[in-house]
Amino acid sequence: SYLLMDADTRAVLVEHNIHEALPPASLTKIMTAYLAEVEIEAGRIKPSDQVPVSVNAWQTQGSRMFIREGTTVPLEDLLRGVIIQSGNDASVAIAEHVAGSEGAFADMMNQQATQLGMSNSQFQNATGLPAEGHYTTAWDLALLTQALIKRFPEHYAIYSERSFTFNDIEQPNRNRLLWRDRTVDGVKTGHTEAAGYCLVASALRGNMRLISVVMGTDSD
């Protein structure tokens, strides 16, 4: 499925199967980071918080920022690990810090989705690793991205950073459009076997911002 949306008016310029429920892979992390920003705005957590890394977070499979079990990591570094490096380990650490467990965090993700009008989405985890009943749609992801850009512009700026170094390991932003078009300033890639290759992107030219969502392609 795919769509191209005007970020100001929500006018859909191009669309295909935009309400079809599909596995979102790491596009899930847009909601993970968004929810962390909601909690920061509410004063319940702070970017400077030293977040403990559990065995559970450290052992999470897939893409990682390489945090170590038994250490603490500043929340602002974990957010960059989620957004730029697509770290599953960082996503779980944030979920546990905010809600006590990843399951409780997923409940908060679903409450947030309801508030944003994401009516065909259900989250089971903070990473996007394959899970039964974990799905969203191109339209819902566009709504989430629009809210992210409008509500948290300073946080959104992280999505345009081209790399992040943690633990002496530098990893590039997986969104290669950041190098190809200077007007592109986000957002997030995703890939699993079940989800295929996915990308949410946004660009600003003059006064016009567009948001694109592509889900389930067979190559990057």
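**Close-up views of pockets, a cavity and an aromatic pair**

**View 1. The largest pocket has a volume of about 540 Å³.** The model shown in this and the following views is predicted. A total of 27 residues line the largest pocket, and those nearest its centre are Thr189, Gly190, Tyr197, Cys198 and Asp220. At least two lining residues come from each of helix H8 (177–180), strand E7 (184–192), strand E8 (196–205) and strand E9 (208–217). Strand E7 makes the biggest contribution to this lining, with 5 residues. By class, the lining of the largest pocket comprises 14 polar, 7 nonpolar and 6 charged residues.

View 2. Strands E8 and E9 each provide at least two of the lining residues. In the lining of the second largest pocket, 8 residues are nonpolar, 2 are polar and 1 is charged. E8 and E9 also each supply at least two residues to the lining of the largest pocket.

**View 3. The structure contains 1 cavity of 30 Å³ or more.** The volume of the largest cavity is about 30 Å³. Residues Ile83, Ile84, Asn173, Arg174, Asn175, Val187, Lys188 and Thr189 line the largest cavity. Strand E7 accounts for the largest share of this lining, with 3 residues. The lining of the largest cavity divides into 3 nonpolar, 3 polar and 2 charged residues. Thr189, listed here among the cavity-lining residues, is also one of the residues nearest the centre of the largest pocket.

**View 4. Tyr34 and Phe152 form an edge-to-face aromatic pair.** Across the whole structure, 2 aromatic pairs are found. In the pair shown, the ring centres of Tyr34 and Phe152 are 5.4 Å apart and the ring planes meet at 65°, so the arrangement is classed as edge-to-face, the cut-off for that class being over 60 degrees. Tyr34 belongs to helix H1 (residues 28–41), while Phe152 sits in the loop between helix H6 (138–151) and helix H7 (153–156), so the pair ties together parts that are 118 residues apart in sequence. Tyr34 and Phe152 are both buried.

How values were computed. Residues are numbered from 1 along each chain as its sequence is written. This is a predicted model: local features need pLDDT of at least 70, side-chain atom pairs count only at pLDDT 80 or more; totals for chains, interfaces and linings use all residues. Side-chain values use heavy atoms; hydrogens and water are left out. On a 1 Å grid over the protein atoms alone, a cavity is a set of points where a 1.4 Å probe fits but cannot get out, and a pocket is an open set with protein on both sides within 12 Å along at least five of seven lines; lining residues have an atom within 4 Å of a point. Grid points are joined across faces, edges and corners, and a volume is the space filled by probe spheres set on the points. Helices (H or I, at least four residues) and strands (E, at least two) are DSSP runs, numbered from the N terminus. Ala, Val, Leu, Ile, Met, Phe, Trp, Tyr, Cys and Pro count as nonpolar, Asp, Glu, Lys and Arg as charged, and the others, Gly among them, as polar. Rings of Phe, Tyr and Trp (its six-membered ring) pair if their centres lie within 6.5 Å; planes under 30 degrees apart count as stacked, over 60 as edge-to-face and the rest as tilted. Buried means under 20% relative accessible area, exposed over 50%, partly exposed in between (1.4 Å probe, protein chains only).
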